[in-house]
Amino acid sequence: MAITSTGIGSNLDVDGIITKLMSVEQRPLTALSTKEAGYQAKISALGSLKGALSALQTAAAALVPASGSSALDKFSVYKTSIADAAIASATATSSAVAGTYSLEVTQLAKPHRIATSTTTTPFSGVGGTLITGGTLTITLDTKAGSSTPSKTTALTIANGATPEAVRDAINAAKAGVSATVINGTAGKQLILVSDAPGSDQFIKLSGVAALAYDPNATPVPATDAFTQTQTAQGSKIVLAGVEVSTNSNTVSSAIDGITLNLTKESASGVSTTLTVTRDTTNLTTSINAFVKAYNEVNSTITSLGNYNATTKVAGTLNGDNTLRSAQSIIRSTLSNVPTELSGATLQRLSDIGVRLQKDGSLTVDSSKLTAAINGDISGVATLISAYGNAFKTATEGLTGNGGSITTRTEGIQTSIKGLGKQSEAIVTRLKLIEARYRKQFTDLDVMMSNMNQTSTYLTQQLANLPQSGSLLNRN
């Protein structure tokens, strides 16, 4: 009887047998893949933890004043408003004082304006040009003159220069004076205007005789080719009933911390109101942002390290030393009073209404915070600055180069590389094992095929043998 099978040359399912054998051989590779997946999950979890801590670090850093600045300077912000915004605008610094002031703009600063005379012109040369040139010195100063002029500029005027050439030379020199040429009924006139308004912006010209001008000359000498069309003047205001004068339309010396920019004169005898108020929005916003970032860290740590007894499912970093260390550092930073607050009236965040809840998160009592700010804004600013600095330092130690989270992540990545090398070695070994199995089963297939052929031959030979009854009949 022949051996029957669905195999090729034999009755064996060689591919199916090898597949099952190799699935057993691949169990170590599967175990490595499972282990790598676990490592990758830990890296992802550490990334989530680092992200939450980095956000807390940013929020903490926002509580710390810049070098050379105090906590009060950072958070003592003032807002200004002027009832009639058309006459002026105002800005304030931390040295301002809250209050309400009457304001009247009685005089705006104006630039100096001079023009060449229509009767005595310096352009009396051939073709209306300047007779002689040379070095022209332009000085911007008070009318009476001072030891420190606002600006002095020397420029060269060519012999025979036209009004347009003089104009272009002055404008190119950027001397704080703008020049134009107007061609009127009396001929061309050179107009000079100081770029800025103010009582220290009187234009004085010297050096080129034909262009000399002195605003103090009375009367205007025949050699003085210019006449004044608008005098330079400073501004005048009445602030809280006190008259104040200044050189320009920017008034910064009247009240400490307040700068006024004048834009329009008030109607005669009519005043408006300047209001200065303390703005604590930045302070409360910064505190709430810090609390939000802290709560996100607390939530992340809880989620990554928890264990559900009902489902028997643990968080990715349950029992992880790095997670426990980070949790301990954050909690101790919150509970320990920063050294710079030693002896201060306000020492703990709870003193300003930032309280710790049972689940480890923080909550803000807005009423208590507002009362603390109104009662001692300097103390509140100092307190949150100290805690901001403490949390900034603590989170940097966890997330920065060489920090525990960074070091832990790098260690896991090294382990993953090691698993990769092990996997490569196993894959190479599995290829050899599969090749060996295939050779063995191929040899078996050939042997069984030969046995099958022998079986067929024997069957045929036995079929050709005479039956026992026919042999007896022959006898």
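1. The largest pocket is lined by 13 residues, and those nearest its centre are Leu334, Ser335, Val354, Leu356 and Leu362. A pocket here is an open set of points on a 1 Å grid over the protein atoms alone, with protein on both sides within 12 Å along at least five of seven lines; lining residues have an atom within 4 Å of a point. The volume of the largest pocket is about 180 Å³, where a volume is the space filled by probe spheres set on the points, and grid points are joined across faces, edges and corners.

2. The model is predicted: local features need pLDDT of at least 70 and side-chain atom pairs count only at pLDDT 80 or more, while totals for chains, interfaces and linings use all residues. Residues are numbered from 1 along each chain as its sequence is written, and side-chain values use heavy atoms, with hydrogens and water left out.

3. Which elements each supply at least two residues of the lining of the largest pocket? They are helix 6 (321–335) and strand 18 (354–356); helices (H or I, at least four residues) and strands (E, at least two) are DSSP runs numbered from the N terminus. The pocket lining divides into 7 nonpolar, 3 polar and 3 charged residues. In this division Ala, Val, Leu, Ile, Met, Phe, Trp, Tyr, Cys and Pro are nonpolar, Asp, Glu, Lys and Arg are charged, and the others, Gly among them, are polar.

4. There are 3 cavities of 30 Å³ or more, a cavity being a set of grid points where a 1.4 Å probe fits but cannot get out. The largest cavity holds about 60 Å³ of space. Its lining consists of Tyr294, Val297, Asn298, Ile301, Gln327, Ile330, Arg331 and Gly360. Helix 5 (281–305) and helix 6 each give two or more of these residues, with helix 5 providing the largest share, 4 residues. By class, the lining has 4 nonpolar, 3 polar and 1 charged.

5. The second largest cavity contains about 40 Å³. Helix 5 gives the most, 3 residues; helix 5 and helix 8 each supply at least two.

6. Glu164 is in helix 4 (residues 163–173) and Lys188 in strand 8 (residues 187–194), so placed that the pair links distant parts of the chain, 24 residues apart. Glu164 is partly exposed at 23% relative accessibility, as is Lys188 at 40%; buried means under 20% relative accessible area, exposed over 50%, and partly exposed in between (1.4 Å probe, protein chains only).

7. Arg408 and Asp320 also form a salt bridge, at 3.0 Å from N to O. Because Arg408 lies in helix 9 (residues 404–464) and Asp320 in the loop between strand 17 (313–314) and helix 6, the pair ties together parts 88 residues apart in sequence. Is Asp320 buried or exposed? Asp320 is buried, at 7% relative accessibility, whereas Arg408 is partly exposed at 30%.

8. Lys392 and Glu396 pair at 3.2 Å between their closest N and O atoms. Both lie in helix 8 (residues 377–399), 4 residues apart, about one turn of the helix.

How values were computed:
A salt bridge is a side-chain nitrogen of Lys or Arg within 4 Å of a carboxyl oxygen of Asp or Glu.
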